[in-house]
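User: I have a structure open and want to know where its labels come from. Can we go through them one by one?

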Amino acid sequence: MTNRGVSLFLVLACIFVSTIASAKEKGNHHLPAVHVINALPKNSEPMSLQCGGEKMLNAGEDYQWTVEENKLVYCEAFWGRSFASWHGFQPRRDVGRGAVYWLVKDTGFFLSWDNSSWVRKQLWETE
Ligand SMILES: *[C@@H]1O[C@H](CO)[C@@H](O)[C@H](O)[C@H]1NC(C)=O
């Protein structure tokens with residue numbers, strides 16, 4: 001092979017290897033979308049949600065984002081005089097799930113992976 005031929009071969013080989021590496025990395029993590037659904041009473045005041053950034057959520061709204069790193073996402077919510085904190089995404093619990101749903105009601109925070117069967121994981125606190 002000529003020098004140019006060798007260089008071209010090396011460039012193509014690098015592209016091939018890095019494509020495979022990045023495909024593998026994405027496949028290994030299975031990072032889900034996280035939904036936080038405000039199911040508080042209609043016409044009640046909006047809830048402030050903090051999972052990295054701050055977001056105001058009206059009753060009925062579904063806020064969602066895709067987890068980008070396989071690490072804990074800590075969330076806090078404030079609603080009137082009530083507040084709560086929980087793990088919006090927890091690697092050991094949630095990795096490999098297609099989606100993580102949080103239903104926020106006045107009775108607490110309910111987790112589901114299928115948007116259909118719910119388990120309460122957290123309660124509201126007041127001072
Ligand atoms: C979750 O379920 C509710 C009630 O069945 C439905 O209105 C909503 O669209 C679903 N959300 C998603 C993201 O599938």
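Analyst: Here are the labels, each set against its cut-off. This is a predicted model, where local features need pLDDT of at least 70, side-chain atom pairs count only at pLDDT 80 or more, and totals for chains, interfaces and linings use all residues. Residues are numbered from 1 along each chain as its sequence is written, and side-chain values use heavy atoms, with hydrogens and water left out.

User: What makes P41 buried, partly exposed or exposed?

Analyst: The relative accessible area of P41 is 34%. P41 sits in the loop between β1 (33–38) and β2. Strands here are DSSP runs of E with at least two residues; helices are runs of H or I with at least four; both are numbered from the N terminus.

User: How do you know which residues P41 is in contact with?

Analyst: Contact means heavy atoms within 4.5 Å. Leaving aside neighbours within four places in sequence, P41 is in contact with A59, W79 and D106. P41 and A59 are 18 residues apart in sequence, yet their C-alpha atoms are 6.6 Å apart in space.

User: What makes the link between S48 and E54 a polar contact?

Analyst: A polar contact is a pair of N or O atoms within 3.5 Å; within protein, one must be able to donate a hydrogen and the other to accept it, and residues adjacent in sequence count only if both atoms are side-chain atoms. The side chains of S48 and E54 are joined at 2.8 Å. That value is within 3.5 Å, so the link is a polar contact. S48 belongs to strand β2 (residues 47–51).

User: How do you know which residues surround the ligand?

Analyst: A residue is near a molecule if one of its heavy atoms lies within 4 Å of it. H35, Y101 and N115 surround the ligand. The protein covers 30% of the 360 Å² of accessible area (Shrake-Rupley method, 1.4 Å probe) that the ligand has on its own.

User: Which elements does the protein chain have?

Analyst: The protein chain has two helices and 10 strands. From the N terminus, the order is α-β-β-β-β-β-β-α-β-β-β-β. Of the 127 residues, 30% count as buried.

Note on methods. Accessible areas come from the Shrake-Rupley method with a 1.4 Å probe; for residues, only the protein chains shown count as cover. Buried means under 20% relative accessible area, exposed over 50%, partly exposed in between (1.4 Å probe, protein chains only).
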